[in-house]
Amino acid sequence: MAGSRARWINVPLGRVARVCAAMLFVLLAHITLIQAFGTYPLNADRRNERPLIARYGHPRGDIRTYDGTLVATSLPTAAGPYRYRRAYPRGEPYAALTGHVSLHHSTGMEQALDAVLSGDDPKVRVRSLVRHGTVEGADIRLTVRDRVQRAAYQGLAAAGVPGAAVAIDPATGAIQALATYPSYDPNALTTFDRARLEEAARRLREAPARPLLNRALHRVYPPGATFRLVTTAAALASGEYTPTALVDAPARLRLPGTPTYLRNPGDCAHRRPTLALAFRRSCDTAFAGIGLQLGQDLLRDQAEAFGFNGGSLRIPLVAVPSRYPLALDRAQTALAAVGHHDDRVTPLMVAMLSAAVANDGVLMRPYLVEEVRLRDGTMINRAAPVVYRTAVPPLLARYLAAMMTIATPARGLGAAIPGVRVASRAATAATVPGGGEHALVTAFAPARAPEVAVGVVLERPGSRAGAVGAVARAMIEAALS
């Protein structure tokens with residue numbers, strides 16, 4: 001009797017046990033799925049404070065210039081769940097480089113090297129744990145020099161129109177300055193007050209001048225006469241031209257297959273100048289004719305040797321590609337040879353053109369980070385210069401350098417730098433949508449022993465176009481001082 005009663009009781013108990021086992025299995029499976037696949041959306045959910053508390057629970061690494069100027073650091077907070085906040089002592093002049101860290105967003109170097117600065121990078125994490133027993137962010141030393149960066153930004157601000165400026169060491173590719181104007185104060189976006197943060201971000205996003213745009217890396221412009229460095233290099237490399245070769249430069253040239261004429265500027269009076277003189281005086285018809293003779297393929301090959309169509313370049317900030325069109329008719333080829341049609345360059349590329357010429361035709365890969373160290377000085381990583389492109393052979397680079405030096409007027413870029421010869425190529429780009437022309441200059445100095453190459457672009461400066469030379473001059477002077 002007792003045995004039958006026990007069997008009667010065991011039946012429902014077994015069912016309950018099986019149900020409990022199934023529920024436990026489902027629970028464990030669900031937890032496993034969440035841990036394996038659901039952590040990212042949970043951490044990204046703005047209602048989840050835990051990742052933010054952890055993120056601001058220890059200081060990020062500092063960012064300094066090559067000469068030690070502090071441009072980004074972490075400061076302790078007085079109260080609240082977040083123990084540290086980010087601060088940018090130099091503000092606007094460095095915003096294009098540092099970017100910012102806000103509650104749910106980051107830009108610039110703060111984004112590109114977030115793992116290193118926060119300590120999440122495996123190499124940084126392991127070494128900091130081994131040496132100190134805690135995770136800490138690593139410090140970054142940029143290649144940027146404070147004197148050159150301030151000269152670039154102040155020059156752009158003095159011009160008073162949107163633009164960008166870049167300075168590069170031709171021998172290594174180290175970027176000495178990268179500035180964009182107008183800019184913004186990153187400190188306005190580091191508040192933990194969500195209402196204030198949203199309002200500040202909205203104002204910056206909706207500002208007509210687009211201060212959040214990094215014009216040096218993320219905007220492209222018609223290159224105008226600066227592209228004649230590419231066309232001249234292609235002409236010299238073809239073996240059909242030398243600097244003293246005579247070229248046709250009619251007052252006007254009909255574009256093949258169209259009723260449109262390309263005209264020379266007023267100071268190009270020679271109908272048969274030398275190539276060097278045509279370069280100096282920006283004879284459009286001469287370079288259009290050279291483009292027609294060489295053909296689009298040779299021009300494109302030379303442009304790509306300088307870095308056009310090269311895909312996104314990481315320095316580690318991402319620069320959009322400069323481009324030379326992939327398919328052209330003859331009229332478009334003529335226009336592309338003088339920097340019009342669909343040729344486009346970033347201000348970084350404008351500086352890279354001169355950097356390649358200055359370094360005997362070898363273009364070094366641009367970079368912004370000199371070294372990464374732990375707080376105690378332990379080295380994590382140090383930059384090593386790397387060849388990016390071979391633009392032209394050394395002899396042709398010397399020809400181009402000489403032509404750029406002759407093309408620089410005595411009253412121009414070298415006028416404010418006593419005893420220093422400057423090689424440059426200034427330009428106004430073709431009429432752009434919305435009217436007006438951009439002003440550009442690419443230059444390096446000293447002409448015989450280059451130490452710095454610069455590229456400057458001003459958007460539709462109108463009567464202030466001459467300011468593009470003043471910005472380049474100030475950067476060169478700062479770099480050589």
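This is a predicted model: local features need pLDDT of at least 70, side-chain atom pairs count only at pLDDT 80 or more; totals for chains, interfaces and linings use all residues.
Guide: Residues are numbered from 1 along each chain as its sequence is written, and side-chain values use heavy atoms, with hydrogens and water left out.

Visitor: What makes the contact of E199 and R202 a salt bridge?

Guide: A salt bridge requires a side-chain nitrogen of Lys or Arg within 4 Å of a carboxyl oxygen of Asp or Glu. The N to O distance for E199 and R202 is 2.6 Å, so the pair meets that criterion. A search of the whole structure finds 17 salt bridges.

Visitor: Where do E199 and R202 lie?

Guide: Both residues belong to helix α8, residues 194-206, and stand 3 residues apart, about one turn of the helix. Helices (H or I, at least four residues) and strands (E, at least two) are DSSP runs, numbered from the N terminus. R202 also meets E206 in a salt bridge, at 2.8 Å from N to O, and R202 and E206 are 4 residues apart in helix α8, again separated by about one helical turn.

Visitor: Why is E206 called exposed, and why is E199 called partly exposed?

Guide: Buried means under 20% relative accessible area, exposed over 50%, and partly exposed in between, with a 1.4 Å probe and protein chains only. E206 has a relative accessible area of 53% and therefore counts as exposed, whereas E199, at 34%, counts as partly exposed. R202, with 30%, is likewise partly exposed.

Visitor: How do you know that the salt bridge of D248 and R272 ties together separate parts of the sequence?

Guide: The side chains of D248 and R272 meet at 2.8 Å, N to O. D248 lies in the loop between α10 (228-237) and β7 (252-254), and R272 in the loop between β8 (261-263) and α11 (275-280), so the pair ties together parts that are 24 residues apart in sequence. Elsewhere, salt bridges that share partners join R60, R86, E110 and D114 into one network.

Visitor: Turning to the rings, why is the pair of Y82 and F192 called tilted?

Guide: Rings of Phe, Tyr and Trp (its six-membered ring) pair if their centres lie within 6.5 Å; planes under 30 degrees apart count as stacked, over 60 as edge-to-face and the rest as tilted. The centres of Y82 and F192 are 4.6 Å apart and their planes stand at 45 degrees, so the pair is tilted. Y82 lies in the loop between β2 (70-76) and β3 (84-87), and F192 in the loop between β6 (175-181) and α8, so the pair ties together parts that are 110 residues apart in sequence. Y82 is buried at 6% relative accessible area, while F192 is partly exposed at 24%.

Visitor: What makes the pair of F227 and F308 edge-to-face?

Guide: The angle between the planes is 90 degrees, and the rings lie 5.7 Å centre to centre. F227 counts as buried at 0% relative accessibility, as does F308 with 1%. Ring pairs link F227, F308 and Y324 into a cluster.

Visitor: How do you know that the charged end of R141 sits over the ring of Y66?

Guide: A charge sits over a ring if NZ of Lys or CZ of Arg is within 6 Å of the ring centre and within 35 degrees of the ring normal. The charged end of R141 is 4.2 Å from the centre of the Y66 ring, and R252 lies over the face of Y261, at 4.0 Å from the ring centre.
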